[in-house]
Amino acid sequence: APLPDSFDAYLAGLKPRMRSKVRSALRAAEQRGAKLAWCAREVGVESAPALARGELCCARLLEPDGAVSATQLGQRIGACYYQIQEGFDPAREDERVGTALRGLAVAELIVRGVRTYDFMAGDSQHKRDWGGAPRPCTTLAFPLPKWRARLAYGLRARVERWRSARERTLPAAAPPAD
């Protein structure tokens, strides 16, 4: 997803329903007193240099009682942020803590000069709702020399080719009715 120079401009580029959802989640987080927190200390010997350079990004949504309700791990390389993994406390799903965390993180990343948010790992409606767009990419896999691994990777490649061909031939789905 391309990121403009301000979070307001980013929100303006989202579809109205998504924009409302994000604003509502941000308002609810603010009313609860939840805050965005970035990990700033070393979490492991291997990650310490990347964390110190601001390349490894671990964002957390901290609730007023100190509990972490959502987390997001990513890698910043230049002006691009690559989201690796994210999750939230399922007990707080109704509070949209994951949406609030992503909104706060995107706002902060924009301030830090990030201009692309890469969701990685394929296409989904969820990613498109946040402004993501599919782009071509290639998966390189190096299977073990065992016949089962070669078979598994061969089948996976055929399934991916079949899905791609199917997506090119199917008409676009109609949006769901409200």
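Helices (H or I, at least four residues) and strands (E, at least two) are DSSP runs, numbered from the N terminus. The model on screen is predicted, so local features need pLDDT of at least 70 and side-chain atom pairs count only at pLDDT 80 or more, while totals for chains, interfaces and linings use all residues. Residues are numbered from 1 along each chain as its sequence is written, and side-chain values use heavy atoms, with hydrogens and water left out.

**Stop 1: Asp118**

Begin by selecting Asp118, whose place is in strand E5. At 10% relative accessibility this residue counts as buried, where buried means under 20% relative accessible area, exposed over 50%, and partly exposed in between (1.4 Å probe, protein chains only). Leaving aside residues up to four places away in sequence, Asp118 touches Cys80, Tyr81, Tyr82, Gln83 and Arg135, a contact being heavy atoms within 4.5 Å.

**Stop 2: Arg115 and Asp5**

Select Arg115 and Asp5 next, whose side chains meet in a salt bridge (3.3 Å, N to O); the term stands for a side-chain nitrogen of Lys or Arg within 4 Å of a carboxyl oxygen of Asp or Glu. Arg115 lies in the loop between H4 and strand E5 (116–118) and Asp5 in the segment before H1, so this pair ties together parts that are 110 residues apart in sequence. Asp5 is exposed, with a relative accessible area of 65%, whereas Arg115, at 28%, counts as partly exposed. By this rule the count comes to 8 salt bridges.

**Stop 3**

The side chains of Glu63 and Arg32 meet at 2.9 Å, N to O; Glu63 lies in the loop between E2 and strand E3 (68–77) and Arg32 in helix H2, so the pair ties together parts that are 31 residues apart in sequence. A salt bridge also joins the side chains of Glu95 and Arg32 (3.1 Å, N to O). Because Glu95 lies in the loop between E4 and H4 and Arg32 in helix H2, this pair ties together parts that are 63 residues apart in sequence. Colouring by accessibility shows Glu63 as buried, with a relative accessible area of 4%, Arg32 as partly exposed at 24%, and Glu95 as partly exposed at 27%.

**Stop 4: the largest nonpolar core**

Which residues touch the most other members of the largest nonpolar core? Among its 30 residues they are Leu3, Phe7, Tyr10, Val22, Leu61, Val106 and Tyr117, where a nonpolar core is a set of buried Ala, Val, Leu, Ile, Met, Phe, Trp, Tyr and Cys residues joined through side-chain atoms within 4.5 Å. The elements that give two or more residues to this core are helix H1 (7–12), helix H2 (16–32), strand E2 (56–62) and H4, and the largest share, 8 residues, comes from H4. Centre the view on Leu61, whose contacts beyond four places in sequence include Arg32, Val97, Ala100, Leu101 and Leu104.

**Stop 5: the second largest pocket**

Finally, select Phe88, Val97, Gly98, Thr99 and His126, which lie nearest the centre of the second largest pocket, among its 14 lining residues. Strand E4 (80–88) and helix H4 (97–111) are the elements that give two or more residues to this lining, and the largest share, 5 residues, comes from H4. About 220 Å³ of space lies in this pocket. On a 1 Å grid over the protein atoms alone, a pocket is an open set of points where a 1.4 Å probe fits, with protein on both sides within 12 Å along at least five of seven lines, and lining residues have an atom within 4 Å of a point.

Key:
Grid points are joined across faces, edges and corners, and a volume is the space filled by probe spheres set on the points.
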